[in-house]
Amino acid sequence: MQASEAEWTDIEKKIARTAFDKAYEREIEALLKQVQKQASTLVDLSELWQLHDFLSAKRHEVEGKYDYQYSVLLFVFAGLVKEGWLHLNELQGLDKDKQSKVAVLSRM
């Protein structure tokens, strides 16, 4: 089921990049709000280190999740849909088969 870059049209590549960037922006925006809220209530050093540990883990998670390689992009999109960072309608314009695969994978 892996799709190489050659299997993506120029239009699909633009749609995919836009959707990918939107999802990333949404997740980062939510993360920033969460961190600002946590940081504003810090009382002692142990809470600061907890925030540091949270951020380290989150960085690893986000960097691993947002992989823009065409061979894995449908899986990335499915995960983002499942987590709520991306909506299926934002993939309109992709080949119907690609959209269907994302929809099915996101329900697994």
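Modeller: A residue counts as buried when its relative accessible area is under 20%. The model discussed here is predicted.

Biologist: Is Phe-20 buried or exposed?

Modeller: The relative accessible area of Phe-20 is 6%. The cut-off for burial is under 20%. Phe-20 is therefore classed as buried.

Biologist: At what angle do helix 1 and helix 3 pack?

Modeller: Helix 1 covers residues 10–40 and helix 3 covers residues 73–83. Their axes lie 11 Å apart, and the packing angle is about 40°.

Biologist: Which orientation class describes helix 1 and helix 3?

Modeller: Angles under 35 degrees would count as roughly parallel, and 65 to 115 as roughly perpendicular. The angle here is about 40°. The two helices are therefore oblique to each other.

Biologist: What is the handedness of the crossing of helix 1 and helix 3, and which residues of helix 3 make the contact?

Modeller: The crossing is left-handed. On the side of helix 1, the contact is made by Ala-16, Ala-19, Phe-20, Ala-23 and Glu-27. Helix 3 contributes Leu-73, Val-76, Phe-77, Leu-80 and Glu-83.

Biologist: How many nonpolar residues does the contact of helix 1 with helix 3 have?

Modeller: Two residues of this contact are charged, and no polar residue takes part. The nonpolar residues number eight.

Biologist: Is Tyr-66 buried or exposed?

Modeller: Its relative accessible area is 10%. With burial set at under 20%, Tyr-66 is buried.

Biologist: What geometry does the aromatic pair of Phe-20 and Tyr-68 have?

Modeller: The ring centres are 4.9 Å apart and the planes make an angle of 75°. The pair links Phe-20 in helix 1 to Tyr-68 in the loop between helix 2 and helix 3, 48 residues apart. Planes over 60 degrees apart count as edge-to-face. The geometry of Phe-20 and Tyr-68 is accordingly edge-to-face.

Terms used. Residues are numbered from 1 along each chain as its sequence is written. This is a predicted model: local features need pLDDT of at least 70, side-chain atom pairs count only at pLDDT 80 or more; totals for chains, interfaces and linings use all residues. Side-chain values use heavy atoms; hydrogens and water are left out. Axes are lines fitted to C-alpha atoms, for helices over the stretch in contact, and angles run from 0 to 180 degrees between N-to-C directions. Helices (H or I, at least four residues) and strands (E, at least two) are DSSP runs, numbered from the N terminus. Angles under 35 degrees count as roughly parallel, over 145 as roughly antiparallel, 65 to 115 as roughly perpendicular and the rest as oblique. A crossing is left-handed if the near helix is turned anticlockwise from the far one by less than a right angle, and right-handed if clockwise. Contact means heavy atoms within 4.5 Å. Ala, Val, Leu, Ile, Met, Phe, Trp, Tyr, Cys and Pro count as nonpolar, Asp, Glu, Lys and Arg as charged, and the others, Gly among them, as polar. Buried means under 20% relative accessible area, exposed over 50%, partly exposed in between (1.4 Å probe, protein chains only). Rings of Phe, Tyr and Trp (its six-membered ring) pair if their centres lie within 6.5 Å; planes under 30 degrees apart count as stacked, over 60 as edge-to-face and the rest as tilted.
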